[in-house]
Amino acid sequence: MMAKPKDRKKVDQLHHKLIELAICSRQINTSATDNSPLPKINTLLTHSTEDNRKTPRMKTFRFQLLHQWLIHNIKPCRVADIGGGKGLLTYLLRESGWDATVIDPENQALLLKHKDIITGKRAIIPFEANVPRIDGQFEPSMAENFDLLIGLHAHGCNIKIIDAATKYNTGFLLLPCCIIDEPLYPVRGISWVESLADYAIQKGHLIDPLRLNFKGQNIGFYSLGKEASVHS
Ligand SMILES: C[S@@+](CC[C@H](N)C(=O)[O-])C[C@H]1O[C@@H](n2cnc3c(N)ncnc32)[C@H](O)[C@@H]1O
């Protein structure tokens with residue numbers, strides 16, 4: 001399903017703001033003597049923009065799209081799928097050999113099937129399959145044993161994820177949705193994702209924008225921390 005041109009324009013504008021913020025995070029974090037170009041951001045941005053132009057928007061496959069993005073861009077690492085709900089992202093990452101765990105206070109059963117967006121076919125999840133879960137609210141101290149904290153529409157957790165990543169120098173990836181149960185709110189006229197990116201920059205993170213090909217709240221950003229790394 002293609003987005004309406006008006007919606008697409010808004011998403012494009014937001015994406016561009018995040019690109020500017022990512023560049024700003026580099027300028028702040030790069031020492032005056034380091035004149036190196038920005039190889040990582042260029043590579044990944046080209047990749048992301050190409051994806052969005054070629055493929056129609058897919059409404060319901062955010063877990064599959066994020067899984068594909070992760071396995072193509074980031075080396076396998078220990079992931080906390082914070083606010084991971086039923087655990088489909090964690091399941092897909094584990095199928096790809098990643099060490100992933102859901103952290104969510106609501107223990108929800110794994111789905112019995114999902115759509116494999118590569119083959120276009122329905123994939124059955126075995127009845128006995130399960131994923132590791134921590135059935136509790138995310139607290140920054142939980143971040144210590146993970147390399148990458150993921151918040152996919154994880155309301156109430158975005159600021160905590162950035163704070164945890166700051167404390168433990170952990171990577172993080174945020175695709176924020178609504179502002180519920182957060183300790184901070186954006187000032188008027190500034191979007192939630194933009195204010196989170198600004199918060200992360202103020203905490204010293206070097207961020208990269210992320211745009212996936214699903215409808216609604218598909219713009220976010222990530223930072224690699226000390227252990228998560230991109231494929232060369
Ligand atoms: C909007 S749902 C998103 C679920 C899933 N990531 C998705 O994209 O469909 C938000 C999830 O965050 C969980 N959640 C709410 N507060 C949380 C907290 N403090 N720590 C961890 N998870 C939380 C909820 O139980 C819910 O599963």
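The legends below describe several close-up views of a predicted model. Residues are numbered from 1 along each chain as its sequence is written. Because the model is predicted, local features need pLDDT of at least 70 and side-chain atom pairs count only at pLDDT 80 or more, whereas totals for chains, interfaces and linings use all residues.

**View 1. Overall make-up of the protein chain.** The secondary structure comes to six helices and nine strands, where helices (H or I, at least four residues) and strands (E, at least two) are DSSP runs numbered from the N terminus. Of the 232 residues, 35% count as buried; a residue is buried if 20 or more other C-beta atoms lie within 10 Å of its own, exposed if 12 or fewer, and partly exposed in between, with C-beta atoms placed from the backbone. Among contacts between residues at least 6 apart in sequence, 63% join residues at least 24 apart, a contact being a pair of residues whose C-beta atoms, placed from the backbone, lie within 7 Å.

View 2. Seven strands form an open sheet of mixed pairing in the order β5-β2-β1-β6-β7-β9-β8, two strands being paired if DSSP finds at least two bridges between them. β5 and β8 stand at the edges, each with a single partner strand, so one side of each is left without a neighbour in the sheet. Helix α5 packs on this sheet, touching β1, β6, β7 (171-175) and β9, and its direction makes about 165° with that of β7; such angles run from 0 to 180 degrees between N-to-C directions, and axes are lines fitted to C-alpha atoms, for helices over the stretch in contact. Strand β1 (residues 78-82) pairs with β6 in the parallel sense over four bridges, and the bridge partner of I82 in β6 is G151.

View 3. β8 (residues 208-211) and β9 (residues 219-223) run antiparallel and are joined by four bridges, with D208 standing opposite Y222 in β9.

View 4. The buried residues of α6 (residues 192-202) are V193, L196, A197, A200 and I201. They cover an arc of only 140° around the axis, which puts them on the same side of α6; the arc is that of the directions from the helix axis to the C-beta atoms. The axes of α5 (residues 158-168) and α6 come within 10 Å and cross at roughly 20°. That makes α5 roughly parallel to α6, a term for angles under 35 degrees. N158, I159 and I162 in α5 meet L196, Y199 and A200 in α6. Just after α6, G204 takes a positive phi of about 95°.

View 5. P140 lies in the loop between β5 (133-134) and β6 (148-152), and with 18 C-beta neighbours inside 10 Å it counts as partly exposed. Leaving aside its neighbours within four places in sequence, P140 is in contact with K160, D163, A164 and K167. The C-alpha atoms of P140 and T166, 26 residues apart along the chain, are separated by 9.5 Å.

**View 6. The hairpin of β3 and β4.** Strands β3 (residues 113-116) and β4 (residues 121-124) run antiparallel and are joined by four bridges, and K113 has I124 as its bridge partner in β4. Four residues lie between the strands of this hairpin, in which G120 takes a positive phi near 80°.

Technical notes
Two residues are in contact if their C-beta atoms, placed from the backbone, lie within 7 Å. Angles under 35 degrees count as roughly parallel, over 145 as roughly antiparallel, 65 to 115 as roughly perpendicular and the rest as oblique.
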